[in-house]
Amino acid sequence: MPPPSLAAARDPAAATAARRRSSSKEERAAAKVHPAPAEKGTMGAAAGGGEGAWGRRPEWCSAAGAAGVLRRHPLPALFACGLLLFMAVEYTIPMVSPAAPPLDLGFAATQGMHDAVAARPWLNSLLAALNTVFVAMQAGYILWAILAEQRPRAAVAALMMFTCRGVLGCATQLPLPEEFLGSGMDFPVGNVSFFLFFSGHVAGAVIAAADMRREGRLALARLYDALNLLQVVRLLACRGHYTIDLAVGVGAGVLFDTIAGWYFDARSGDGKNAPEKHCRSCQCHKALLSH
């Protein structure tokens, strides 16, 4: 039997039929990979709910759709309500006069405690001394983590935080509250000047507590959180910080602890191949100290 090529050469009709069969097979294969424009339009209309999908009202605009969004995503829905609320508040609230002292709701909430502490100087000094002890506890834990346990993340986060605090404190120097109750026992000891924005006391406690949670020291972390809350109340009552200083201090602690984690993850991956998962116990950071 002669080979197909020889047979096709002898019979032109057979060669033409073979080419047609081959061409039809290629067209069918290409149609599977690249659908025709009409088929694409049909599929796109089916996926989008029809040709008029863009003109339809979104499902979440209906009562049932809105109820489903609230049920599945309550937190974003709550913040959406907060956005609408505070847009109305911001555009209608009376502005504070330049000659008037700042309006601080934290000061108003702790007015009774402020009066009690102001009438008892010994109580003011005692609270200041206890607060200084708590600051020393924060510093001691962070130093222990880097020196004894060779875990530098909390220390680097604190360095970043205090540097940023210094820059912002120099950029905007807020006026000292009129009812400020100073004490020689407060940190920094000796009634020296300090930055109001933002609170390094609060941010340092947040960084230390975050490190404790990573290490599984949950009871100690809860203790630091409780002491940090008492510290916030004391600073407000003694007018050592505005409320915004303390709130931003919490955010700064979380922010710089997170940034320090990103930094060490990038370093342990040589800046290109960072680990896929964050190290929960930070044990991988020990090796970085040896370089």
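Predicted model: local features only at pLDDT ≥ 70, side-chain atom pairs only at ≥ 80, totals over all residues.
Entry 1. I looked up the total and found 10 salt bridges.

Entry 2. I checked R151 and E215, whose side chains form a salt bridge with an N to O distance of 3.6 Å. R151 sits in the loop between α8 (121-147) and α9 (153-171), while E215 sits in the loop between α10 (200-214) and α11 (218-237), so this pair ties together parts 64 residues apart in sequence. I then looked up the accessibility of each partner. R151 has 1% relative accessibility and therefore counts as buried, the limit being under 20%. E215 has a relative accessible area of 22% and is partly exposed.

Entry 3. Next came D186 and R234, which meet through their side chains in a salt bridge at 2.9 Å, N to O. This pair links distant parts of the chain, with D186 in the loop between α9 and α10 and R234 in helix α11, 48 residues apart. For D186 I noted 14% relative accessibility, which counts as buried. R234, at 5%, also counts as buried.

Entry 4. I turned to D257 and R214, where the salt bridge between the side chains has an N to O distance of 2.8 Å. D257 belongs to helix α12 (residues 243-268) and R214 to helix α10, so the pair ties together parts that are 43 residues apart in sequence. I found both D257 and R214 buried.

Entry 5. Last, I asked which residues are linked in a network of salt bridges. The network holds E149, R151, R153, D211, R214, E215, R217 and D257.

Terms used:
Residues numbered from 1 in each chain as written. Heavy atoms only, no water. Salt bridge = Lys/Arg side-chain N within 4 Å of Asp/Glu carboxyl O. Helix = DSSP H or I, 4+ residues; strand = E, 2+ residues; numbered from the N terminus. Buried < 20%, exposed > 50% of the residue type's maximum accessible area, 1.4 Å probe, protein only.
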